[in-house]
Amino acid sequence: MLDIIVIGGGPAGLTSAIYARRAGLSVLVIEKEHFGGQISDSPKVSNYPGFKTISGLELSNNMFDQAMELGAEFEMDTVTSISKENDVFTVKTEYGQFQSLSVIIAAGVKHRKLNAMNEDRLLGKGVSYCAVCDGDFYRGKNTIVIGDANSALQYALMLSSICPNVTICTLFDKFFAEDMLVQALVATPNIEIVHNVSAISFNGETKLETVTFEHTVTKEIITVCGDAAFIAIGQVPDNEKYVPYVNLEKGFITTDGDMATMTPGLFAAGDCRYKKVKQVATAINDGAIAEQSAQNYLISLKNRSNS
Ligand SMILES: Cc1cc2nc3c(=O)[nH]c(=O)nc-3n(C[C@H](O)[C@H](O)[C@H](O)COP(=O)(O)OP(=O)(O)OC[C@H]3O[C@@H](n4cnc5c(N)ncnc54)[C@H](O)[C@@H]3O)c2cc1C
């Protein structure tokens, strides 16, 4: 029987694991894709205190190494459901099940899809949601970035140093990104900007060749050639599987300031929570608080069984 199971190995979950191990608790982190979470997709992180600039991958690798060296246990698997009976949580995964006295959900968010034609069919064959992970496969090739906020601009800038031409396509007539990124983007000669376009289809038999867009004002059909298209249009929550043990607001888990959900012993931390600021710094804050709350809950369980 574990003290804590953490669902999700991003910054929030790894922080909970670090705090749990330092408190001498047994902790298992279950991660479905890659340890480190979303931040490992970021080429450059410049707002995480302690590092003026660090790659997202290096930052998340450091967190993972720290949790591992402290003795946290890890499992690569996808959590499919949770349940609670007589103070024991059962966390079911695709390949097994685990039991613990408390659970911290730190499952973050998932990539938002465009739902354009052939988006799924050409995924991994030119269509990608992560330029940091897949960008280098397209070194020397022309690439497309779809999106208008910080991540999209970071992707375009990163790709511009390895690709002859990068086209960034946005739905509206402006960017919704930090000024510094916008200035860098417009000053980069091999980045072409196409505003006011909506993606209709990804085209190619065995691999991506072109993307078809419709101009949102003129309705003109525009075809952009590229060997890869990186979609960076934000994230959506993925928390339905934790109902009825949690309450959701707009798909995000609601908690109190102690990261407690409606179920005693069940906590939530990071981007999966209903909150305004979704950043590494706030995910880490949540992860630390959730673990401390889990620790207090475990003490109260122990006191109850002793009395
Ligand atoms: C491209 C990009 C750039 C960014 N740049 C910055 C930046 O510069 N500065 C900054 O502060 N923030 C940045 N962010 C935001 C930051 O990455 C997030 O706020 C942070 O990672 C949230 O951490 P988290 O642990 O809550 O969630 P996540 O990082 O999303 O981690 C959650 C983990 O849970 C796993 N998971 C989900 N469901 C399950 C399941 N059912 N079973 C098992 N595992 C599951 C996921 O695979 C994931 O690894 C960026 C995000 C992106 C995408």
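Phe35, Phe64 and Phe74 form one aromatic cluster. The rings of Phe, Tyr and Trp (for Trp, the six-membered ring) pair if their centres lie within 6.5 Å; planes under 30 degrees apart count as stacked, over 60 as edge-to-face, and the rest as tilted. The model is predicted, so local features need pLDDT of at least 70 and side-chain atom pairs count only at pLDDT 80 or more, while totals for chains, interfaces and linings use all residues. Residues are numbered from 1 along each chain as its sequence is written, and side-chain values use heavy atoms, with hydrogens and water left out.

By the ring rule there are seven aromatic pairs. One of them joins Tyr48 and Phe51, which are stacked, at 6.3 Å centre to centre with 20 degrees between the planes. Phe172 and Phe176 make an edge-to-face pair, because their planes stand at 85 degrees, with the ring centres 6.1 Å apart.

Another ring, that of Phe252, has the charged end of Lys278 over it, 4.1 Å from the ring centre. A charge sits over a ring if NZ of Lys or CZ of Arg is within 6 Å of the ring centre and within 35 degrees of the ring normal.

The interior comes next. In soluble globular proteins, nonpolar side chains tend to be buried together. A nonpolar core here is a set of buried Ala, Val, Leu, Ile, Met, Phe, Trp, Tyr and Cys residues joined through side-chain atoms within 4.5 Å. The largest such core has 33 residues, of which Ile4, Val6, Val27, Leu59, Ile104 and Val280 touch the most other members. Strand S1 (2–7), helix H1 (11–22), strand S2 (27–31), helix H2 (56–69) and helix H6 (280–306) each supply at least two of the core residues. H6 gives the largest share, eight residues. Helices (H or I, at least four residues) and strands (E, at least two) are DSSP runs, numbered from the N terminus.

Ile146 lies in strand S9 (residues 143–146). With 6% relative accessibility, Ile146 counts as buried. Its C-alpha atom is separated by 11 Å from that of Asn196, 50 residues apart along the chain.

Key. Buried < 20%, exposed > 50% of the residue type's maximum accessible area, 1.4 Å probe, protein only.
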